[in-house]
Amino acid sequence: MASTRQVRVGLVAGGLGAYWPQFPDLLPQLQRSSARVSERMRELDAEIVDVGFISDAQEGAVAAGKLRAADCDLIVGFLTTYMTATMLVPIAQRSGAPVLLINLQPTESMDHATFDTGQWLAYCGACPLPEMANAFQRCGIPFRSVSGHLEDERAWKRIGGWVRAAAARAALRHGRHGLMGHLYPGMLDVSTDLTLVSSNFGGHVEVLEFDDLRVRVEKVTDAETAAKRAETEKIFDFADSVNETDLDWACRVSVGLDRLVADFELDSLAYYHRGLDGETHERLGAGMILGASLLTARGIPAAGEYELRTSLAMLIMDRLGAGGSFTELQALDFHRAHVEMGHDGPAHLAISARKPLLRGLGVYHGKRGWGVSVEFDVKHGPVTAFGLIQRRDGRFAFLASEGETVDGPHLQIGNTTSRVDFGRDPGEWTDEWSATGMSHHWALGTGHRAGELKSLAHLLDLEFVQI
């Protein structure tokens with residue numbers, strides 16, 4: 001159901017055409033290097049639009065037209081040797097996509113005793129890099145680059161990070177984000193001006209009613225509910241407190257959510273509805289945790305409490321390969337120096353430390369209704385807390401903090417709870433995190449992702465803050 005559009009990366013290589021008649025062996029060598037770069041780029045889970053090798057400004061203009069027509073999410077310019085800025089500036093200006101320049105010389109070092117001028121020029125991709133940076137900046141074009149050699153895994157790791165960041169940018173740029181219900185009363189921090197989503201990221205926010213879900217749940221058949229129950233039994237362990245009627249309802253709502261997402265072609269969903277006295281809308285809101293968690297695990301993040309910015313943060317983390325689970329502060333363990341965080345709601349099941357548990361709850365704290373809830377702990381190891389800040393001027397900002405999820409005691413109350421060690425006093429970390437202006441929800445994902453998030457912020461021209 002989620003958007004399956006693969007990130008589209010344009011690739012153009014170039015060098016100064018004046019060299020070709022002077023050094024006949026140079027161009028073939030550079031073209032072999034370009035072929036190797038194209039090969040490695042195709043290993044990065046991206047659709048590659050390779051427009052070939054350019055030798056002058058005229059060929060650069062032709063390449064610019066091709067890349068603009070291809071609607072790329074990122075353009076990679078390979079500096080194989082010296083080339084003038086006039087060859088790449090038009091590509092950056094006309095394409096409408098961010099540009100990454102790469103300087104990858106053939107090997108780690110030249111053989112200085114035997115190389116002639118032509119062989120040296122194959123290692124001269126670093127020479128035009130300052131020229132490109134100067135020209136880009138004077139033209140108002142953001143500049144970014146990676147330097148290394150063709151088989152330099154550190155350089156390719158950085159290039160891969162830019163490609164993953166471009167994939168996350170594409171998910172936002174082309175995304176359809178559902179917002180269903182209404183704001184949790186009094187939560188001033190989570191309210192989001194919907195226009196700011198399009199302004200900062202692109203994409204579209206689809207405003208939904210709970211009745212859009214109700215009419216779909218009403219059409220769910222017993223057979224469909226049974227199939228969802230079978231799926232649930234494979235994924236979850238069940239606590240003794242799970243009530244069969246509540247589980248059946250959660251499965252029925254989950255099928256309705258699948259239809260809602262498919263019908264509106266949603267890539268993410270944020271929701272909340274209070275309801276009254278056990279009526280249908282209250283029951284729908286209380287029955288969503290199972291279905292929302294299943295959606296999140298399939299790459300369609302769903303966040304409760306109408307937290308649109310957090311559902312977007314979860315989407316970003318998912319597209320970076322980090323998962324991204326709905327999270328808030330729960331407690332501080334000063335004895336163990338851990339920050340305990342999680343939520344009583346949707347979880348990213350794909351990053352659970354163990355088989356997640358469904359627990360029946362007779363009451364949802366702070367919310368109306370009752371039913372089944374998800375209990376899990378994010379995989380132990382490196383993690384990143386990541387959220388979106390909305391500044392007073394209407395700009396979004398990225399906030400990230402890298403830590404490690406560790407073992408320790410957990411409450412058995414139907415919440416997602418992880419113990420995170422940030423390598424410092426948990427109270428000081430909490431104060432510094434809160435002082436940024438972050439809302440009380442964010443995404444928790446696996447791996448240390450600050451570098452990739454910083455790259456994405458650069459692609460989006462947004463502020464990046466790291467705690």
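Begin by selecting Phe 422, Trp 429, Trp 433 and Trp 442, which ring pairs link into a cluster. Rings of Phe, Tyr and Trp (for Trp, its six-membered ring) pair if their centres lie within 6.5 Å, and planes under 30 degrees apart count as stacked, over 60 as edge-to-face and the rest as tilted. What you see is a predicted model, in which local features need pLDDT of at least 70 and side-chain atom pairs count only at pLDDT 80 or more, while totals for chains, interfaces and linings use all residues. Residues are numbered from 1 along each chain as its sequence is written, and side-chain values use heavy atoms, with hydrogens and water left out.

By this ring rule the count comes to 10 aromatic pairs. Select next Phe 136 and Phe 143, an edge-to-face aromatic pair with 6.1 Å from centre to centre and 90° between the planes. Phe 136 counts as buried because its relative accessibility is 0%, where buried means under 20% relative accessible area, exposed over 50%, and partly exposed in between (1.4 Å probe, protein chains only).

Now turn to charged side chains, where the structure holds 32 salt bridges, each being a side-chain nitrogen of Lys or Arg within 4 Å of a carboxyl oxygen of Asp or Glu. Select Glu 452 and Arg 164, which form a salt bridge whose closest N and O atoms are 2.3 Å apart. Glu 452 lies in helix H15 (residues 450–460) and Arg 164 in helix H6 (residues 153–173), so this pair ties together parts that are 288 residues apart in sequence. Helices (H or I, at least four residues) and strands (E, at least two) are DSSP runs, numbered from the N terminus. Of the two partners, Glu 452 is buried, with a relative accessible area of 9%, whereas Arg 164 is partly exposed at 32%.

For another salt bridge, select Arg 36 and Glu 39, whose closest N and O atoms are 2.7 Å apart. These two residues are separated by about one helical turn, because they are three residues apart in helix H1 (residues 26–41).

Most residues other than glycine have a negative phi. Asp 277 is also exposed, with a relative accessible area of 70%.
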